[in-house]
Amino acid sequence: MTETLKRTLRDSSAMRWAMLILLSGLTFSTYWFQDFFSGLKGLMESEMGFSSEEFGRILALTTIANMFGMIIIGGIMLDKWGIRVAGIVFGGLAVLGGAISALAASGFFGNEHGTMLNMIIAGRVLFGSGLEVVCVVATRTIVKWFKGYDLALAMAINMGFGRLGSAMGTALSLDIGGGHVSPAVTFAASLIGLALIMFLIYTVFDIKLDKQEKAISDKSGEVCDPEEDFKFSDLIALIKNKSFLYIALLCVTFYAAIFPFMQYAPDLLINKFGFTQSLPQAGEVILWGSKAIGASSIYLVFFLFAILFAVVPNNFENKQTRFLFKTGALIAFCLYLFVMKDILAIWLGNGAKTASLIPLGTIIFTPIFGNYVDKKGKAASLMILGSLLLIFAHISLSILDNVYIAYFGLLSLGVAFSLVPAAMWPSVAKIVAENRLGTAYATMFTLQNWGLFLFFWGIGALLDFVNQGIPEGQPKDYTIPILVLVGCGVISIFLSFLLKKADRKQNYGLELPS
């Protein structure tokens, strides 16, 4: 009888994963909107007359509010208001920002170069003000539902949805736009609105969960101590915690070497290796009369394989059954690759589709690495390995001129993008008390945004600087801008070693199974 009374929605495996899907809608759509401009860079230059510096400015200023405390304010509001109110408020900001950017791209505010640029930036600033807090809300909510139940795996799958959004946004923006920027921006903005509706559906179940847990607490006679209000001394205490500081700085250096690069990767491949900007007709996949839906199906198959390979087998207690299921999923995936080999070969000569290998690698590997962290630990060690892969990737794409090594570089970047986040984000929950996780994650995102601001804008400005005097239409030289990112990888390795050393002293258990 006691077990029945204590059973809540979060104790149901099906309900937990259903909530994860509803939450992941926000992650998917915001990552799509964050990254989809990367596939449009060449078109924005030709159709709107934007330079590389202006392109970088649009991306960089997305982070401006977060650099000056918006995420920390949002994290504090999350800790004070709760998941539901914070999610609706900041999700609404992201929707509003997306709508303004879409209207600006369509010429609603005027077709003058400066007006269009400034209004797109204004929309991106509003979107960015909601974006990172929405990510904090999603991360904090997953902790609420999955603590004690495959937390690292759940976070990894949520990140997988985000990377799926990045991959599809990068690869499909030209297809959706039909050769124009405006339709692609409108579609990306609409996705955020749909995701906010999904979050509103989630809040119904969240309210029910809170009522169940309160009823159990009342019935058992337990008195829950009220959480203390946020104090700035809490933030100071976080920064004084060496382990948290190492992991927060690692967040800065690692993501500064990933996210900005992803925005410029299609243009790099077009300029350095002669990849196509538009996908040749022979590489199109038509499904239900739509090229975009057909192309989307390929990414969904990759994501489905990752789920079937890394998630579903965990529900089987028998090791032999798990092995057979994984083997079957792998064989089916290999057969799919064989059937699609001609189309995928054409994709590998297209800038946007090939650049999507970066987040595509995370779709496959993030759930697998998240499961590994749950079962085996080794979080700090995985961060070191991911940082090493990061360095190899950027060297292969900057100094070396072999296209096959470049493919391995992109894939290794995707693997690194899986390894480090799958190990890093769950580790924070071991270092920081649960009632301050909102503030902790917000602090990390704030520091991360300083790095992104500098590198989004800096790479564009540096790209224009090193290519001064090169006639228009001639390939741009990306060597120096990308080599700068190698330094971020070196610093990431150093911070990972410091974190591993601190873990041995403090015994947080980062290297141990969850």
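The model is predicted, so local features require a pLDDT of at least 70 and side-chain atom pairs count only at pLDDT 80 or more, while totals for chains, interfaces and linings use all residues. Residues are numbered from 1 along each chain as its sequence is written, and side-chain values use heavy atoms, with hydrogens and water left out.

The protein chain is built with 22 helices and 0 strands (DSSP runs numbered from the N terminus, H or I of at least four residues for helices and E of at least two for strands). Its C-alpha trace spans about 75 × 50 × 50 Å along the principal axes. Buried residues make up 57% of the chain (buried is under 20% relative accessible area, exposed over 50%, partly exposed in between, with a 1.4 Å probe and protein chains only). Of the contacts with a separation of 6 or more, 84% join residues 24 or more positions apart (a contact is heavy atoms within 4.5 Å).

Volumes are the space filled by probe spheres set on the points, which are joined across faces, edges and corners. The largest cavity has about 280 Å³ and 20 lining residues, with Tyr31, Glu132, Cys135, Arg163 and Phe445 nearest its centre. Two or more lining residues come from each of helices H2 (13-35), H8 (113-146), H9 (151-177) and H21 (437-466), and H8 gives the most, with 6 residues. The lining divides into 12 nonpolar, 5 polar and 3 charged residues (Ala, Val, Leu, Ile, Met, Phe, Trp, Tyr, Cys and Pro are nonpolar, Asp, Glu, Lys and Arg charged, the others, including Gly, polar).

The second largest cavity holds about 70 Å³. H13 supplies the largest share of its lining, 3 residues, and the lining divides into 4 nonpolar, 6 polar and 2 charged residues.

Finally, the structure holds 0 disulfides (pairs of cysteine sulfur atoms within 2.5 Å). Cysteine 488 is buried at 7% relative accessible area, and its sulfur lies 12 Å from the closest cysteine sulfur, in cysteine 251, too far for a bond. Cysteine 334 is partly exposed, at 42% relative accessibility.

Note on methods:
1 Å grid on protein atoms, 1.4 Å probe; cavity = no way out; pocket = protein on both sides within 12 Å on 5 of 7 lines; lining within 4 Å.
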